[in-house]
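Biologist: I'd like to go through this model with you. Keep it plain, please.

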Amino acid sequence: MTLKPLNGVLLFQSLRKHLGIFSLMLLMGLAFGSVGVGLLVWEHSPGDWGLLLFSSLFALIGFGVLVAAFVTTWSSVGYYYERALLKQYGINIDGRVLGVQQYNQPEDGEETLWLMSFEYHHQGQQYQSDTMLPGEEWADKLPRQQWLPLRLLKPRPQVAEPRWRKLKNQLKLDGAWS
């Protein structure tokens, strides 16, 4: 099985989820940038350092928000596009848990994040990957070497993620699965 260079339907679905926040950030960046550049061009007088500093800062903030809009949207759309490909073209395989470790040092009521490392084999090659667990109850119930249901993108075998519903049922957990 080979994937087309780009699946337009899945890409559009991923883009549609992020269109609102991208548009908002784009408009904010354009507004800040244009006000800053406009003040620099039309209102600048040679001795007015306050206006020069203020308008330059405004323009830099605007351009920074524009760059952030494009970078975050590109990254997020890529992530969700890969997940959609995995959902549509993925195959079910088995892996095993290598370990579960605490990812952060929570302070002042922050949530503790748990990182699960797992390995799997596909076509004679061994792969390793990590994923964040949905909660602490998952970390307590996942011993090392436990069998793990995975979903693998066959054309890109380095892309795999746990099948959360099946794993939840396997661990007999209640509540949200992810």
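Biologist: Leaving aside neighbours within four places in sequence, which residues is glutamate 119 in contact with?

Modeller: Glutamate 119 is in contact with Gly95, Arg96, Leu98, Gln126, Tyr127 and Gln128. Contact means heavy atoms within 4.5 Å.

Biologist: What sort of model is this, before I go on?

Modeller: This is a predicted model, in which local features need pLDDT of at least 70, side-chain atom pairs count only at pLDDT 80 or more, and totals for chains, interfaces and linings use all residues. Residues are numbered from 1 along each chain as its sequence is written, and side-chain values use heavy atoms, with hydrogens and water left out.

Biologist: Back to glutamate 119. Where is its place, and is glutamate 119 buried or exposed?

Modeller: Glutamate 119 sits in strand E2. Strands (E, at least two residues) and helices (H or I, at least four) are DSSP runs, numbered from the N terminus. The relative accessible area of glutamate 119 is 5%, so this residue counts as buried. Buried means under 20%, exposed over 50%, and partly exposed in between, with a 1.4 Å probe and protein chains only.

Biologist: In what order do the strands of the sheet come?

Modeller: The order is E3-E2-E1-E4-E5, in an open sheet of five strands with antiparallel pairing. Two strands pair if DSSP finds at least two bridges between them.

Biologist: Which strands stand at the edges?

Modeller: Strand E3 (125–133) and strand E5 (160–162) are at the edges. Each has a single partner strand, so one side of each has no neighbour in the sheet.

Biologist: How many bridges join E2 to E3?

Modeller: Nine bridges join them, with E2 covering residues 114–122, and the two strands run antiparallel. On this pairing, phenylalanine 118 stands opposite serine 129 in E3.

Biologist: And which residue in E2 is the bridge partner of valine 97?

Modeller: Phenylalanine 118 again, as the bridge partner of valine 97. E1 and E2 are joined in the antiparallel sense over seven bridges.

Biologist: Over how many bridges do E1 and E4 pair?

Modeller: Strand E1 (residues 90–102) pairs with E4 over seven bridges, also antiparallel. Glycine 90 faces leucine 153 in E4 there.

Biologist: New topic, the loops. What is the phi of aspartate 108?

Modeller: Aspartate 108 has a positive phi of about 50 degrees, although this residue is not a glycine. Aspartate 108 lies in the loop between E1 and E2. Its relative accessibility is 81%, so aspartate 108 counts as exposed.

Biologist: What about glutamine 123, and where is its place?

Modeller: Glutamine 123 is in the loop between E2 and E3. Its phi is positive, about 50 degrees, and glutamine 123 is not a glycine either. At 67% relative accessibility, glutamine 123 counts as exposed.

Biologist: Last one, histidine 18. Which helix is histidine 18 found in?

Modeller: Histidine 18 belongs to helix H1.

Biologist: Why is histidine 18 called buried?

Modeller: Because the relative accessible area of histidine 18 is 11%.

Biologist: Which residues does histidine 18 touch, not counting those up to four places away in sequence?

Modeller: Histidine 18 touches Thr73, Ser76, Val77 and Tyr80.
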